[in-house]
Amino acid sequence: MLRNAILQILRFFYQPFSKVLPWQTFRYLACGGGNTVLDIFLYFVCYNFVLHQQMVHLVFFNMSAHIAALFMSMAVTFPTGFLLSKYVVFSDSNLRGRVQLFRYFVLVGICILLNYLLMKIFVDHLHFYPTVGKICTTALVVIFSYLTQKKFTFKVKQHT
């Protein structure tokens, strides 16, 4: 029911783009874009209002606020991203759900590593403001993620 509602809304907004974007690409951009906006919003809230831009002191190490906020926002956007990808964007995939989930988990692990490394570069070495660094990081990771999801995580197996 929720899937159908999301698809109806997306179909309405797809009309002006139908000549230049395939339906699946539009769904990915819309769902991924929505999830990305949610991720950036949660990151901003966590960094500024939950963590108050302060170091997080854990048992064995300290974590900077911009890295902790990264993990906090991903705790929400991982499940929403998987569900949107599985049921709205790549619903044609004939891989088993648990295979998709495992592959998505691996992809997200790689994306976490990319997010971490790029955030360290942008914020710690290039001295970007953390939210700006997060936006730049997100742009690069989204491109990688789309290609990987389409060709690996939610691919359609050809039957021979």
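Is F26 buried or exposed? F26 is buried, with a relative accessible area of 9%. Buried means under 20% relative accessible area, exposed over 50%, and partly exposed in between, with a 1.4 Å probe and protein chains only.

This is a predicted model, in which local features need pLDDT of at least 70, side-chain atom pairs count only at pLDDT 80 or more, and totals for chains, interfaces and linings use all residues. Residues are numbered from 1 along each chain as its sequence is written, and side-chain values use heavy atoms, with hydrogens and water left out.

Start at helix α1, residues 2–14. Helices here are DSSP runs (H or I, at least four residues), numbered from the N terminus. In α1, L7, L10 and Y14 are buried. Seen down the axis of α1, these buried residues fall within an arc of 65°, so they line one face of the helix. The arc is that of the directions from the helix axis to the C-beta atoms. The face turned away from the buried side carries the exposed residues L2, Q8 and F12.

Now follow the rings. The structure holds 17 aromatic pairs. Rings of Phe, Tyr and Trp (its six-membered ring) pair if their centres lie within 6.5 Å; planes under 30 degrees apart count as stacked, over 60 as edge-to-face and the rest as tilted. Y14 and F26 form a tilted pair, 5.2 Å centre to centre with 55° between the planes. This pair links Y14 in helix α1 to F26 in helix α2, twelve residues apart. At 12% relative accessibility, Y14 counts as buried.

Technical notes: Helix = DSSP H or I, 4+ residues; strand = E, 2+ residues; numbered from the N terminus. Expected span 1.5 Å × (residues − 1).
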